[in-house]
Amino acid sequence: MPTYARFLPMARAERHPVAALCLDRVVAFDLGTAAEAFDLAWLGGRPAYEFTACAAEAGSVATTTGFEVAGLAGLEAVERARTVVLPGFLDVFDPPPEAALDALRSAAARGARMVSICTGAFALAHAGVLDGRRATTHWAAAPMLAEMFPAIEVDPDALYVDDGDVLTSAGLSAGIDLCLHLIRADHGERVGATVARAMVAVPHRDGGQSQFIERALPPRDDDGSLEPVRAWALDHLAEPLDVATLAARAAVSPRTFARRFVAETGTTPLKWLHAQRVLEARRLLEHTDLSVERVARSAGFGSAPSLREHFRRATSTTPTAYRRAFSAAA
């Protein structure tokens, strides 16, 4: 995308308005993650989102890293946003200003998509938006969130939780995962992958937060990584693959392979395979005119019913509906 193209005039109504509500001592990394991800998403040579950083009062707020973020809009940005993002902030014990809480409740009530990164989940919790829902936050803050707000089902291991119109992520880089997930959900795998490449990030990261918690390393039989085996598997998704096959490729026992795989990725081999096969199916549905049956075989699901089952579980839609929404031809 030529640099000058970012400044071409465009009707505001065509862009999806996103408001990032910055509370005092906001985490600058979280705010920057959302700003960059949504700013890099383009459709047909035009930006897909209109991103606005705002605060409880227009002006500036302090960050956790010692500088201020200035030029922030007021809560009117939240009032017109279709997606509201809460970056992490420091003072999670104290409720945000009542005006900010009212704006969050109002946005949720009118159907805006509510999103938090890291400790931003505490703002949604103080507003009551997370009551009765599954949510996550940084692993170090998860026990505190569960204790302070028992009505929330806190998942301390998830990188992010998609609960429909309310989405929460773990800390810092997990915000990138969640923003890429939102862009893929809005505009398909192709746009999401383009943003991921621009951010030098993987389009979809596997595993949970447990792989990042400080702990003793599990015993290993050698110093080799299983990355070559995962790369080989990605080139052979259409073939029958199981733990025994992958373990043989790594020249270790299935039990050792499974243990090392979880230690490296934070997820099991079969869950990883299912996720990669869904991503391959999405790519084929977007970029080819193969029948759903052919897509199922090429992605390694074997049959269309198997693809539909796993695809709906991962994306909450059907392969046909996904193709209709996101195919290059469409």
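The model is a predicted one. The protein contains 14 helices and 12 strands, and 47% of its 330 residues are buried. Taking contacts between residues at least 6 apart in sequence, 65% of them join residues at least 24 apart. The accessible surface of the protein is about 15,700 Å², and carbon and sulfur atoms account for 54% of that area.

The largest nonpolar core consists of 35 residues. Within this core, the residues with the most contacts are Leu-21, Val-78, Val-84 and Met-114. At least two core residues come from each of these elements: strand S1 (16–21), helix H2 (76–80), strand S7 (83–86), helix H3 (98–109), helix H4 (120–126) and helix H5 (142–148). Apart from this core lies another, of 29 residues, with Phe-38, Ile-176, Val-191 and Val-195 among them.

S7 runs parallel to S1, and three bridges join the two; here Ala-20 stands opposite Val-85 of S7. S7 also pairs in the parallel sense with strand S8 (residues 113–116), over four bridges, and Val-84 stands opposite Met-114 of S8. Between S7 and S8 the chain passes through H3, in a β-α-β crossover that is right-handed.

Which residues is Val-84 in contact with, leaving aside its neighbours within four places in sequence? They are Ala-19, Val-78, Leu-104, Ala-107, Ala-112, Arg-113, Met-114 and Val-115.

The structure also holds seven aromatic pairs. One of the pairs, Phe-257 with Phe-261, is tilted, at 5.6 Å centre to centre and 45° between the planes. Because Phe-257 and Phe-261 are four residues apart in helix H10 (residues 254–265), about one helical turn separates them. Both Phe-257 and Phe-261 are buried. The pair of Phe-311 and Tyr-322 is edge-to-face, with 5.4 Å centre to centre and 75° between the planes. This pair links distant parts of the chain, 11 residues apart: Phe-311 belongs to helix H13 (residues 304–315) and Tyr-322 to helix H14 (residues 319–326). Phe-311 and Tyr-322 are buried as well. Finally, Phe-38, Tyr-49 and Phe-51 form one aromatic cluster; Phe-38 also belongs to the core of 29 residues.

Notes:
Residues numbered from 1 in each chain as written. Predicted model: local features only at pLDDT ≥ 70, side-chain atom pairs only at ≥ 80, totals over all residues. Heavy atoms only, no water. Core = buried A, V, L, I, M, F, W, Y, C linked by side-chain atoms within 4.5 Å. Buried < 20%, exposed > 50% of the residue type's maximum accessible area, 1.4 Å probe, protein only. Contact = heavy atoms within 4.5 Å. Pairing = 2+ DSSP bridges. Right-handed = clockwise from strand over helix to strand, strands pointing away. Areas by Shrake-Rupley, 256 points an atom, 1.4 Å probe, with all protein chains shown as cover. Phe/Tyr/Trp six-rings, centres within 6.5 Å; stacked < 30°, edge-to-face > 60°.
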